[in-house]
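Please look over the structure below together with this briefing, which is written for a reader who is new to it. The points that follow the opening sentences are grouped by topic.

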Amino acid sequence: MSVVASEKVQTMTKLVDQTETSLLECKVCFERYSQQKKRRPRNLPCGHVMCLECVSSLAHPRNLKLECPFCRRACKSSETSDCLPLLHLMEILSPSAIHSPVSGRTVGTGEAMAEPASHVLTFSLSFGGWGTLINPTGMAVCQKSGCIAVAHDGKKRIKLFTFNGSCIQQFGERGDAENDIMYPTDVTVTLDGHLVVTDSGDRSVKVFDFNGRGKLAISESFSLPWGLDTTPQNDIVMTDSEAGILYRLTADFKKGELREVRKIYCNLCNPRKVAVSQTSGAIMVIEHLMAKGPSFGCTRVKVFNADMKLISQVDSFGLNLVFPSKLYPSAVTFNKEGHVIATDAYNQTVFGLGKPEEFPVCKPIITQGLSYPLALGYTADNSLIVLDGGDHSLKVYTPCSGIGGECFLSN
């Protein structure tokens with residue numbers, strides 16, 4: 001190589017290094033961005049970017065408001081979000097960052113990072129099947145009684161199974177009588193052992209005991225009641241997909257007395273599945289985006305804290321920046337550690353999104369053997385149960401001991 005060519009290469013290398021440094025450092029504190037929480041790049045509503053540490057430093061301690069140091073536009077710290085293009089660029093330019101214990105991200109080839117054996121799942125059992133279950137729509141795991149409640153389109157709309165697959169109860173015929181269920185969309189189990197079902201047929205929420213006796217029917221001008229989950233206070237959180245509203249229902253389920261129906265969040269876009277963390281009280285909702293353009297047909301996961309302040313959100317497009325194929329979260333739950341676990345019916349997978357403050361982490365958990373995963377939940381022993389609408393079955397995955405079995409995390 002000639003001296004001139006060598007100098008050009010050195011000059012170009014220097015320019016690339018300078019450009020990389022300029023892009024990947026915070027322009028407020030001049031520290032380099034990283035996957036670590038306090039140095040993660042955050043988008044402000046005005047479009048400028050700074051690290052989370054600077055956002056926290058500039059925010060007022062009481063109202064959490066701050067001014068952009070570049071354009072002086074005011075915003076709240078809760079209105080900031082991860083700068084996904086920069087996070088993606090960091091992964092491309094620094095492959096080693098993918099393997100750091102903080103990032104926990106999946107590499108572009110689809111290989112997953114090493115996990116503790118307790119987080120690796122092995123297929124254990126499948127039960128149900130066509131006839132036993134017909135076009136199931138929702139599922140709930142009852143930790144107290146050790147059973148699974150499933151809503152489906154069979155003659156008896158609600159079925160209860162033990163964890164080994166035995167059907168122990170079924171009730172709720174199609175009809176318009178008080179104890180009937182027309183078109184169930186979801187089911188949850190209260191902390192005091194009652195089953196709550198959303199019925200899109202008569203646009204109501206119905207409460208039953210485990211013997212199938214109707215305790216309460218709630219019809220509060222709902223447009224299209226859909227997803228359900230139980231809070232740590234034994235209230236019910238429900239989505240109204242057509243109205244775009246998140247409700248909180250408070251009742252004495254034993255007495256069958258309704259105490260309050262309260263709107264806790266409005267202006268959601270077709271919210272459907274919902275999940276509540278039993279440890280923190282955080283609420284997670286899946287929106288189905290219908291607007292024309294690049295987001296059409298995508299889904300978005302929103303996470304609120306117990307006070308209904310938005311703490312994190314990510315959509316299909318954002319997940320595509322950190323994962324090689326486009327993902328469409330269709331159902332969600334929290335595990336014991338507070339990590340978000342989601343199903344993707346389109347790609348027939350189950351994957352982890354990390355804790356809400358770490359979004360968007362993306363780790364495959366189950367990548368084979370599913371047809372159309374619609375719902376999921378954890379048992380007390382950390383087994384994962386997936387409702388598969390494709391073959392009308394329930395599939396149980398237990399923590400892998402590391403000896404034998406077929407483990408699914410690193411497929």
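**Lead points**

Asp 202 and Lys 206 form a salt bridge in which the closest N and O atoms are 2.9 Å apart, a salt bridge being a side-chain nitrogen of Lys or Arg within 4 Å of a carboxyl oxygen of Asp or Glu. The model is a predicted one, in which local features need pLDDT of at least 70 and side-chain atom pairs count only at pLDDT 80 or more, while totals for chains, interfaces and linings use all residues. Residues are numbered from 1 along each chain as its sequence is written, and side-chain values use heavy atoms, with hydrogens and water left out.

**Salt bridges**

- By the rule given above, the count comes to 16 salt bridges, and Asp 153, Arg 157 and Arg 174 are linked in a network of them.
- Glu 260 forms a salt bridge with Arg 262, with the closest N and O atoms 3.7 Å apart; Glu 260 is partly exposed at 37%, and Arg 262 is partly exposed at 38%.
- Glu 287 and Lys 302 meet through their side chains in a salt bridge (3.6 Å, N to O). Glu 287 lies in strand β20 (residues 283–288) and Lys 302 in strand β21, so the pair ties together parts that are 15 residues apart in sequence; strands are DSSP runs (E, at least two residues), as helices are (H or I, at least four), and both are numbered from the N terminus.
- Glu 287 is buried, with a relative accessible area of 1%, and Lys 302 is buried as well, at 10%.

**Strand pairing**

- Strand β21 (residues 299–304) pairs with strand β22 (residues 310–315) in the antiparallel sense over five bridges, where two strands count as paired if DSSP finds at least two bridges between them.
- An open sheet is formed by four strands in the order β23-β24-β25-β26, with antiparallel pairing; its edge strands are β23 (331–334) and β26 (363–366), each of which pairs on one side only.
- Strand β25 (residues 349–354) and β26 pair in the antiparallel sense over three bridges, and Gly 352 stands opposite Lys 363 in β26.

**Aromatic pairs**

- The structure holds six aromatic pairs, counted when ring centres of Phe, Tyr and Trp (its six-membered ring) lie within 6.5 Å, with planes under 30 degrees apart called stacked, over 60 edge-to-face and the rest tilted.
- Tyr 265 and Phe 304 form a tilted pair, at 4.5 Å centre to centre and 50° between the planes; this pair links distant parts of the chain, with Tyr 265 in strand β18 (residues 257–265) and Phe 304 in strand β21, 39 residues apart.
- Tyr 265 is partly exposed, with a relative accessible area of 26%, whereas Phe 304 is buried, at 0%.

Definitions and conventions: Buried < 20%, exposed > 50% of the residue type's maximum accessible area, 1.4 Å probe, protein only.
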